[in-house]
Each structure stands twice: as structure tokens, then as C-alpha cells.
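Please read them with the coordinates open.

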Amino acid sequence: MQSQLVPNLPSIQIATDVCAGLNQPQQKQLPSKYLYDAVGSALFEVICALPEYGLTRAEERILRQHANEIVDQLPRPVVVAELGSGTGRKTRLLLEALSRWQSTWYHPIEISPTALAELRRELRDINSVSVVGFEREYLDGLREAAARRVQGEHLLVLFLGSTLGNFDGDAGAEFLRVLRTILQPGDSLLLGTDLIKPVNVLIPAYDDSLGVTAAFNRNLLARINRELRADFDLSQFEHVALFNKELQSVEMHLRSRTRQTVTIPDSAVSFHFEPQETIWTESSHKYSQEELVRLAHHSGFTPRSQWVEPSWGFAENLWIAA
Ligand code: AVJ
């Protein structure tokens, strides 16, 4: 396997985003993408192994059982771009299935250089795959990946793990619409989506008994301390998972135990917290079948096939750009 990385320039984006989020007058918030530094990514790996969090294992079961069937439905030859590379365990199943037909260019798109490096190691032994990773935001990376294809090649975009559900409100639909404009008719999207399920299953999945998800959430503050030299006292913020019925989303928050002030000296700012005030750190939307069909058409795709894991409730959707 051949592999290379297109790196990003170091940025002050995180400082800007943190200040903007903590300055929100109604509900303080922090972007969930910053949960995934080296520590956060390692904690997320542990979450995926927890009995309460069945999402990742459900998707892996679908791909293990149906990878050949999925690949057989794709227009080929195909170049693969993946939004958020994860560990590569799920991707490997698809790339191996593809290798029965072709050798493949694979473009993981990921803002975490550690995740990209681990992914390259994980896929090193698949001979028929050439990896060129982009350390970019999803749509910027996708534009670069799309620009590299040659006449006659189709693009397959992988967006697994129900990461789409982390876009709040209409942002997910809007994201898919923009994504579609980067594609050509006949290109495809393999979209992993967690399905609606009982609240008494969902809450433990995001508030597990070992406290791993709590650590994952609170690491966001630890990261801001590390990278921006802020002074969050981690013992004064607690993890909260709640279900927003109206939006059909699990929300993670960090709740201040007391009245307190947090300072980021490098940015010369401080933020005040009331007792019980929360920082909203992530939403994880759960999809219905009807919503998925609507979403596909609304964003310029035709649903082609769907594979459902019934015991947890997860759907892998293959959509073709109309
Ligand atoms: C990887 C973003 C899909 O929303 O379920 C897991 C992240 N957050 N536990 C999800 C997550 C808390 C996960 N995604």
C-alpha cells in the first residue's frame, strides 16, 4: 500500500470557536468536533466497546455481513472518500470487498492528524489500496478528493457512524445539500444512521455506568486547558445526557456545579457560569425511516438500498446522486 498525507496549517480556529461558543448569551456551547483530540479519540474507542453503546457494533455487523452486496451495487470504477476516518475497522471491510473488483484510491478526510496516522497503519496491509488522506474539514477535503478523480471514475462518499446526527437541526440537511453539489450524477453516498429507539436504551448509551462517556465529554474542557491554557476546574463540571424529544436527539452537556469564572489568558477573556448552567457539547440525532427518505430527496439523492441492523436499530443507506 502506498500512502501520503496532505497536511493542514496550524490554526487558531479552536480559540476562536471556543470563545464564540462560550459567549453565546442563551446556551453556552462548544463544537463537538473538538471532542476528538488524541485523548478523546481513545476514549471514543472505549465507548464503542461498552455494552451500553451498541451503535458501532451494529454498524460493523451490517458491513461484515453485507460489504460484498454493497460494493456490488456501486457504479465502478470507484474512488472512495471518507468523512471522518475513525479507526478504519469498518472501512477495511468495504475496501477489502472492493478489492475483488479493482485497486482503489482511498481519501480519508479528518481534522485529527493522529486519527489519520492510525488509520494509515490500520490499512497498511491492503495491497490494492492507495491512501491519500486530507487533514481538512469534511467539505474542503471532499472538494480536493473530487478534484483528483479522472474521467470515468465515480466517487463513493462514506459517511459512517451516524456522524451526520451531530449536526443540529437543519444543519444536517444543509450539509448533505452542499455535499451533493460536489458530486456528479451517479456518484454515491453510503450513510450510516442511528435509528429512533427507546429513551431507556439511549440514555445509558450516552451516560454509561463506567463513566467513560463522562470522561469523553469532560476531556473537551481538559483539552481547552491543555491547548489554550484555560483554567477549567474539571471537578466543578458534571456530565449530563438528556433526550430532546422535539428534535429526537440525545444531547450531552457539561453542567457547572457552582457559580464560577473560567479564564483563557491567551485570549484575554473570561467566562462566567451560574450554578447548574450548562455548556451544550453534542447532539446525536436519531432517524426515522420516513425522515431518511425525505432527507435523500431533499438533498438531491435517490435512495438505492438500505441495510438495517434490527437488534440495536441502525441503518446503512446507499444513496445515488440524482
Ligand atoms: C461518533 C458522533 C456518532 O453521537 O453517538 C458517542 C459520538 N458521543 N458517545 C454519537 C458519541 C457520545 C457518536 N458519534
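1. The model is predicted.

2. Phe175 pairs with Phe159 in a tilted arrangement, with 5.6 Å between the ring centres and 40° between the planes. Phe159 is itself buried, at 1% relative accessibility.

3. A search of the whole structure gives 13 aromatic pairs. One of them is Tyr138 with Phe175, an edge-to-face pair at 6.2 Å centre to centre and 70° between the planes. Tyr138 sits in helix 6 (residues 138–147) and Phe175 in helix 7 (residues 171–182), so this pair ties together parts 37 residues apart in sequence. Tyr138 has 22% relative accessibility and is therefore classed as partly exposed; the limit for buried is under 20%.

4. Phe175 thus takes part in a pair with Phe159 and in another with Tyr138.

5. One aromatic cluster is made up of Tyr36, Phe44, Tyr53, Tyr206 and Phe216.

6. Which rings have a charged side chain over them? The ring of Phe273 has the charged end of Lys28 over it, 4.8 Å from the ring centre. Arg76 lies over the face of Trp101, and here the distance to the ring centre is 3.8 Å.

Technical notes. Residues numbered from 1 in each chain as written. Predicted model: local features only at pLDDT ≥ 70, side-chain atom pairs only at ≥ 80, totals over all residues. Heavy atoms only, no water. Phe/Tyr/Trp six-rings, centres within 6.5 Å; stacked < 30°, edge-to-face > 60°. Helix = DSSP H or I, 4+ residues; strand = E, 2+ residues; numbered from the N terminus. Buried < 20%, exposed > 50% of the residue type's maximum accessible area, 1.4 Å probe, protein only. Lys NZ or Arg CZ within 6 Å of the ring centre and 35° of its normal.
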